[in-house]
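Welcome! Here is a friendly first tour, taken one topic at a time.

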Amino acid sequence: MYSHQWLSGGDIALPTGKVVCIGRNYVEHAQELNNPVPDEPVLFIKPSTALVGTSSNVVLRAELAPIHYEAELSVLIDKPLTHASALDVQDAIAGIGVALDLTRREAQSALKEKGLPWEISKAFDGSCVQSPFVCVNKTDDLSAIQYGLDINGAPRQRGNTALMITPIISLICHLTQYFTLLPGDIVLTGTPKGVGQLHHGDSLSLSLSGDTVASFNCVVSSAVGGVVSDVVSP
């Protein structure tokens, strides 16, 4: 069962809430998927059941494969926010981490072509892999934070919040015009270029400001719980 954790150790005394996600918040990522750069943030939600931690292997369901990774800076909220000002948002950020927005890319493309919602490609159980959080002060500058994803020892994604189309504080202000954020909710702020497919046995490492915040392996499993090593082989 997922619960918010501090990187320094210990549980965070906040409930497990929803995850509000942002699509296409980096120009180069929009371009690599041949998507238009949006005029305003693209918003969607993952339920609390999408969240899994990084203290053990991340299990990918074989029947949902192929599954792609999208590394994102994540923001943990500790105060209610609705129609929030920049000062409200700054005061409600408890911590930051790195998350993987797991995506069934082929299913998503098929749904988009039909004009249908994305939920079964973006919001399935286990589709948000969340690192422990680093505590931030209410006055910390979030405008140039670096983060990254390595797979099997090789760099795959490198992000910097300075390159976001909509910066973090403005982004959260915007989404609270539509969705009330509650203590324990998480905001994923968009992924940089370099997304790709995960495979059975991949070893992943997430970093924040140059420091490793999570390391774990991916395991592909069948619906009945057996490990399937050849479904999405490298």
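## A first look

Let's start inside a strand: Gln157 is found in β11, which covers residues 154–160. Please keep in mind that this is a predicted model.

**Gln157 and its surroundings**

- Gln157 has a relative accessible area of 1%, so this residue counts as buried, the cut-off being under 20%.
- The side chains of Gln157 and Thr191 make a polar contact at 2.8 Å.
- A polar atom of the Gln157 side chain also lies 3.5 Å from the backbone oxygen of Lys193.
- Setting aside neighbours within four places in sequence, Gln157 is in contact with several residues, among them Tyr69, Glu70, Ala71, Tyr147, Leu149, Pro192 and Val195.

**The aromatic pair**

- You will find one aromatic pair in the structure.
- The ring centres of Phe44 and Trp118 are 5.5 Å apart and their planes meet at 65°, so the pair is edge-to-face.
- This pair links distant parts of the chain, 74 residues apart: Phe44 sits in strand β2 (residues 42–46), and Trp118 in the loop between α3 (105–113) and α4 (119–122).
- Both Phe44 and Trp118 are buried.

**The cysteines**

- How many disulfides does the structure hold? The number is zero.
- For Cys135, the closest cysteine sulfur belongs to Cys128 and is 20 Å away, which is too far for a bond.
- Cys135 is exposed, with a relative accessible area of 52%.
- Cys173 is in no disulfide either, as the nearest cysteine sulfur, in Cys21, is 18 Å away.
- Cys173 is buried, at a relative accessible area of 14%.

Note on methods
Residues numbered from 1 in each chain as written. Predicted model: local features only at pLDDT ≥ 70, side-chain atom pairs only at ≥ 80, totals over all residues. Heavy atoms only, no water. Phe/Tyr/Trp six-rings, centres within 6.5 Å; stacked < 30°, edge-to-face > 60°. Helix = DSSP H or I, 4+ residues; strand = E, 2+ residues; numbered from the N terminus. Buried < 20%, exposed > 50% of the residue type's maximum accessible area, 1.4 Å probe, protein only. Polar contact = N/O pair within 3.5 Å; in protein donor to acceptor, adjacent residues only side chain to side chain. Contact = heavy atoms within 4.5 Å. Disulfide = S-S within 2.5 Å.
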